[in-house]
Structures are given as C-alpha cells and as structure tokens.
Amino acid sequence: LVIIKFYQHILALAFAVKKINEDSQILPNITLGFHIYDSYYDSRMTYRTTLDLLFKSQEFVPNYKCNQQKTLMSIIGGLDFVTSSYIAEIIGFFKIPQVSSEGVEQKILNLMDHQYIGIIQLLRHFRWTWIGIFSVDNNNGENFLQKMQPLLLQNGICLEFIERLPQQIHLERFTEYYQIISIISINLMNSKAIVFLVYGEVWTIIWLRFVTFLVDPENKETALLRKVWIMTAQIDFVLSGVQISSDLKMFHGAISFTVHSTAVAGFKEFLQTINPLSDFRDGFLQNVWEQSFDCSFPKAELQKMQSRQCTGEMKLEDLPAPIFEMEMTGQSYSVYNAVHAVAHALQALHMSGFNRMKTRMDKKTDLPNLQAWQLHSFLQGISFNNSAGERVFLNEKGEATGGFDITNLITFPNRSFERIRVGKLDLQAPKGKELWIDDNVIVWNPDFNQIPPLSRCNDPCFPGSWKKRIEGGQFCCYDCIPCPEGKISIQNDCFECPEDHYPNKEKKGCILKLLVFLTFEETIGIGLTSAALGFFFLTSWVLATFIKYRNTPIVKANNCSITYTLLVSLMLCFLSSLLFLSQPGKVTCLLRQSMFGITFSVAISSVLAKTITVVVAFMATKPGSQMRRWVGNRLAVSTILSCSFFQVFLCTFWLSTSPPFPELDMYSELQEIILQCNEGSAFFFYCVLGYMGILAIASFIMAFLARKLPDRFNEAKFITFSMLAFCSVWISFFPAYLSTKGKAMVAVEVFSILVSSAALLGCIFLPKCYIILFRPHLNHREQITKRN
C-alpha cells in the first residue's frame, strides 16, 4: 500500500537535486544523485534497506562494496524519529551523517519540546481547560504523554481521557482492535470535551478515520461531530487505500502545528510535468498512478484482464488534497531544505579541501577525494539561502530554527481542503511569547458560528457564584454555589464588598451605598415636622387662651403657674422632636436626647405637682391636719424643681462621661449607610427614659387615687386618662424601637414624643378650652361647685 500523498516528499527531493545541479554557484562540475529506499514502517525492512544502500551493487555482501560507482555522502532520514533512529544505529558505525526532515543528527525530540510550549500556550490562549488526548501507541507516544501531562497540570488543564492509537492498521488483527475501537468511538462521539489533542505519525489520521467509518458507515453522526482538533507537526491529513473516496469533513477547523514552510518557485510547475509514461527511473511512479486514478498500465501477464488504462492525460493536480497536494507541504519543505543543507555542506567541504591542496601544491587540483565523515562538522552551524529566498540556519547542535506554522484546515464539499496560516511558533521569541495567532482568520466548525468554543468540564458559573470542587473529581470540575448575601464573585471566589459598598443584583460588582438619615424633605419627615409644628402652635394657642382667661374660675382652679409651666414644657417637647429630623451632627446628637428628657421630665413633674396639689388640698381640709402649711404654690414648685433637677443631673452626668456622637452604621442596611447618633451609653439613655417612666407611673397612681376627691373642678380624672395614654405609648415604644433600624428607629421615637405630648395636651387642656370657648356659661364658680 502506497500512501500517495507522501510521494510529494520524493518529488521534493528530486526537485531540490535538480535545482542544485542546474545552479552553477553550488558544486560546479559536480552532479548530485540520489537513491530512494522504502522503510515499509518496519524495523527489519529499515535495517535491510539501509544495508542495501551501503553495500549492494549487483548482489548484497555485507561490509563489502562490489563494483560500486556511487559515493554516499549523506542520508536523508525518515519522516518519523523511529525510522531515523533505526538508520542511525547502522550508519553510525560508518560515520555517515544523517539529515532528518526536521533537522540534522536526530534533533527531532528537541523540536518536540518547542511544540509542547506551543500547545500549552494555544490551550491557554483560548482558555481550553478540558481536553481529550489521542496518542500513538509507541515509545514516542509515551514520551509525549510523560512530558505533556505535568505541563497540562501546571497550567490548570485537565484531561477527560487518554486514548492510545495503534501505530498501524492490520486488518488480519481486526478482532484484537474491536475493543479498542469501541472505547475510542465512545470517547470520540460522546466526549464532553470540545478539544482533542492528537499526537501521532503517518497513520494517525487514517486510523481515526477508520474508527469513525466502522462506528458510523453512513457518516451521519460523524458529520455532526462538533470538535476542535489540535494536531502535532508529525501528522498529515492523509487518506489512502479504501479511504480514498472518503472526506476529512470531521476535521474541518482543525488547528495544526506544521513545520515552517514557504512557497518554492517552480515546484508546482515541476509537479505538473510528472508523467508515468515518460520517466521510467522512478520505481514508485506507476504504483502511485494506479492507486490514485484506479487504472493500470499494460502488462503482458495481464492482457486478458479488462481494466481502465492509465494515460498521460491523468495529472496529479486533478487529485483532491487528502490524496495529493500541489502546494509544497511543511514536511516536503523540510526535505527540500535538508537536500540544500547537504549541498551547501559539500560545497564548504569541497572549498576547504581545494584551498588546502592549492596552498600545498601551488597549482590547480582536481576534486579532492571527499569522505562522508568529513561532512559532520560542516553540517553543524550551517546557514544559507534556499531557492525560495528564505534564510535557513542550523545551530551548533544541528537543530533547525525555523519554528512552526500554525495552520487552520478548511474542507470543501469536493473532498479537497486548504490550509490557512493563522499563526506561528517562533523559537527565537522571548519566553512566554513564542506563540502568535490571529483569532480573526480562524475558520471554526460551522456549529460554533465563528465564535471560539469553550472546552471546560463545567459551564462557566453565573455571576454571583463561586466554584466548589467536586469531591473525588478533577480540579477542573466544580459545582457552582451562589455567593452568600452581601458578597460578590471575583475570579471564581466570593468576596465581601468594602464597608461603604454593596453587591449589585448580579453579585459581580459593588455599588456605593447611599448615605441616609431622617430629614425634613422626605415624606415621613414632612409628616412628623408638620405634626410637631401643628401641636406646637396648638399648645401656644392653648397657652394664649389660658392667659387671656386667667381670671376665670376654671383657670384659677387649676393653679395658673403649674398650668403655664406644663404648657411651656409641652411646647418645648414638640420643638425638641425637630432635633431628630435634621442631619445628625455633634451638636444635635448632644442636645436631642437630653433636651427631650429634661423637657418631658418638667412636663410630667408638672402633672405630678397638679395631682399632689389636689391630694394635699383635700387632706388639709381635715381638722388638725399638718398639711395646711403645704397648701399653695410652694409644694408644687418644689415638686417640679426637685423632679426636674434630678433629670438635669442625670443628663449632665451622661453628657460629661459618655456623650452621644454621630456615627455611620454600615451594616444595618445592605444598600445604605445610616448616619445616626450613637447614644454613647445605652445605660444612661435607658436611665433617662426609665426616670420619666417612674414619674409617669407616680403621676398615674396619684391621679387615680384622687379621681373622686371633691375639689373645685377636680381634674384628676383627666390626668389619669392622660397618664394612661402616656404610659401606653411609651410601653409600646420599647419593642418598636428595638425592632427597627435607621430612619425608622428615629421616626418611632419622634412619633412617641409627639403622641405622648399630644395625649397630655388633649386630655388635660382641651376639655377646659372647650368650656372656656364654647360653654362659657359653665365657667362660673357656682357651676363648678354644683358639679363637684
């Protein structure tokens, strides 16, 4: 079986020799010749053909050259390292240099090291972290896996599977391959990985195509295969034998590392001149023609067989690309350069020997007797321009430094294809920047809609989630777990926003929190301010009414000084609530709780003084009572002053030890920063409220006990109701205050201040104002006495 496509390598060698022999600047008066031997991809046959090359003339006699006219100076090695290594084992004894198609002196493995770097950089470039590997099942394949797997691991890339492909297909061993084919077909068709990395040799593509044919003869599933293939430089897109009528559509969009090449002038025209009827020195040509065009040449022993005749009208250019390419491939270009390297080394060796002999004999000499072993030193470090105009350089180790081209395979319905150069691997570039690739010119599988596909174990986590590694699985596989409330996802992990920011809806970024506090401008602030001012003016009106009608019995009966004190303190209570409705600052935080506590204490003390006055006045009416001396304003004033002074002392001590101060609450609300007053000491705050509660309870008890005393217009009943309302409000205040935050907490306190103050105002004074203004006939001493 002849792999027709590789026939181009033979023609590249013949073309290179032809161009050198026609060039008078290289080896003048010397004609290069060549012999081509088939390795048959078999170690025994490789050894035998190498010995034939060295010793055979008419008959094979090892270690003897019989009537041999040829001068063997160098050997161009095989396409793969294994073949070249077999050859090297024999010719090493005879010091004959071998030039491989990849470089010189078996340096192919070093070039593979560069491919490893390129593969890793390619995977990282497209962020492919979940791949499958197909590798040829031989020593080279094992070396590839041993070097590649640690590199993949270091770069965060996981392997879904590794499948080893037999080096060749032997149909007689089909039963042995059945299980291998089943496993390969499962991974090929059902793999979650989008990217397949393929390391192989000549037969790799043929083997993969063979597997897909066996599992999918009608090519239905294969046509739907949505994969990205990455091929190493040793692989070529080849079809041969029974596969000649197949196509390579499953590899559409493949990305290949190919040995660097450039167009060589005249090569395509040279291929067009190839005719099996005119060149009988080429032992491969007729076999190539018969397999390519399914024809036969006339032979005496086959005269009776009816078959299509091969003609000179059949041209290589008519064959599809998987069978034969008219453009010089990278491997053919390497063969072409290898021939030129040998020629330029021979030229240098010839000139060196010619100059030495001319110096010694001082006369023109004939061509010196060159030996193959002398060529080694001239091959190392050689540099020249080939006929394509490209500079070729082999370093001191005999390694080619041309690098690799990155090509993209585009297939066509007529079974042909085209390789588009989309990048390069520059071996001379700085570390980490060896790979250059142009994403915009890559043609992907049509199912990808020209969008570079993702190949990952999992779909990317949505914003606001973090990656949790699956227990027992590879590190590339994970579960997506939503970030906790208040955190965002950055680089697959959850982080808290800064204190003054909060997560956005998608939990992938932070938004600056708004600074909030209860103000006059917002709706609740406007409502509370309006209520405070309304009650303030209402209290002022009541005070003005009492001052205007101060000489009436109903006003006189209620102790004018206490009444005025109570009304003024209520006015200040209503105004103190406005301190809660402004931006918290040092002054407002210091004043608002203390002013509220003191004014409220004065108001409740006044109510308590009213109640005590009623009780003392009733007790003083009893014969021999010692309470007569307390009757009058002295008791009321002392009650108000003593009760209020204690609250003043408490507030002063509070402000001097742990004064309230403005602070920013970053945590109570997710999207807001609350500007509020820190009370400094919760103990003192509740002491102030507790003291007012004690006064209120005392007033309530005294008023309740005195509600039926026969005083002039006894107002103990009204005080009882007002204290009952007052206590109800402040008992409700504590759970509401403790269960709210921010602006709502302030609003609850302001509401409690307004409602409790309004309860005192309404229960104690509005009935009297009603009588004064709307029932003046009841505002007489006789009516008051009669009612009592």
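Me: What joins C497 to C510?

Reply: A disulfide, with the sulfurs 2.0 Å apart. Keep in mind that this is a predicted model.

Me: Left-handed or right-handed, that C497 and C510 link?

Reply: Left-handed, because the torsion about the S-S bond is about -90°. C497 sits in the loop between β16 (493-496) and β17 (501-503), and C510 is in strand β18 (residues 510-512), so the pair ties together parts that are 13 residues apart in sequence.

Me: And C510, is that buried or exposed, or something in between?

Reply: C510 is partly exposed, at 31% relative accessibility. C497 is buried, with a relative accessible area of 12%.

Me: How many disulfides turn up in the whole structure?

Reply: Seven, from a search of the whole structure. One of them pairs C461 with C480, S to S 2.0 Å.

Me: Which hand does the C461 and C480 one have?

Reply: The torsion about its S-S bond is about -90°, so the C461 and C480 disulfide is left-handed. C461 is in the loop between β12 (435-437) and β13 (465-469) while C480 belongs to strand β14 (residues 478-482), so parts 19 residues apart in sequence get tied together. C461 is buried at 18% relative accessible area, and C480 counts as partly exposed at 35%.

Me: What about C295 and C310, how far apart are the sulfur atoms?

Reply: They're 1.8 Å apart in that disulfide. The link is right-handed, with 95° about the S-S bond. C295 and C310 both lie in the loop between α10 (285-293) and α11 (330-361), so the pair ties together parts that are 15 residues apart in sequence. Both cysteines, C295 and C310, are buried.

Me: OK, switching to helices. At what angle do α15 and α20 cross?

Reply: Roughly 155°, with the axes of α15 (residues 560-576) and α20 (residues 743-774) coming within 10 Å. Angles over 145 count as roughly antiparallel, so α15 and α20 are roughly antiparallel to each other. The crossing of α15 and α20 is left-handed.

Me: Which residues of α15 meet α20?

Reply: T563, L566, L567, L570, C573 and F574. On the α20 side the partners include I753, L754, S757, A758 and F765.

Me: How do the residues of that α15 and α20 contact divide into nonpolar, polar and charged?

Reply: Twelve are nonpolar, two are polar and none is charged.

Me: One more, back to cysteines: C643 and C727, buried or exposed?

Reply: C643 counts as buried at 13% relative accessibility, and C727 counts as buried at 17%.

Notes. Residues are numbered from 1 along each chain as its sequence is written. This is a predicted model: local features need pLDDT of at least 70, side-chain atom pairs count only at pLDDT 80 or more; totals for chains, interfaces and linings use all residues. Side-chain values use heavy atoms; hydrogens and water are left out. Axes are lines fitted to C-alpha atoms, for helices over the stretch in contact, and angles run from 0 to 180 degrees between N-to-C directions. Helices (H or I, at least four residues) and strands (E, at least two) are DSSP runs, numbered from the N terminus. Angles under 35 degrees count as roughly parallel, over 145 as roughly antiparallel, 65 to 115 as roughly perpendicular and the rest as oblique. A crossing is left-handed if the near helix is turned anticlockwise from the far one by less than a right angle, and right-handed if clockwise. Contact means heavy atoms within 4.5 Å. Ala, Val, Leu, Ile, Met, Phe, Trp, Tyr, Cys and Pro count as nonpolar, Asp, Glu, Lys and Arg as charged, and the others, Gly among them, as polar. A disulfide is a pair of cysteine sulfur atoms within 2.5 Å. Buried means under 20% relative accessible area, exposed over 50%, partly exposed in between (1.4 Å probe, protein chains only).
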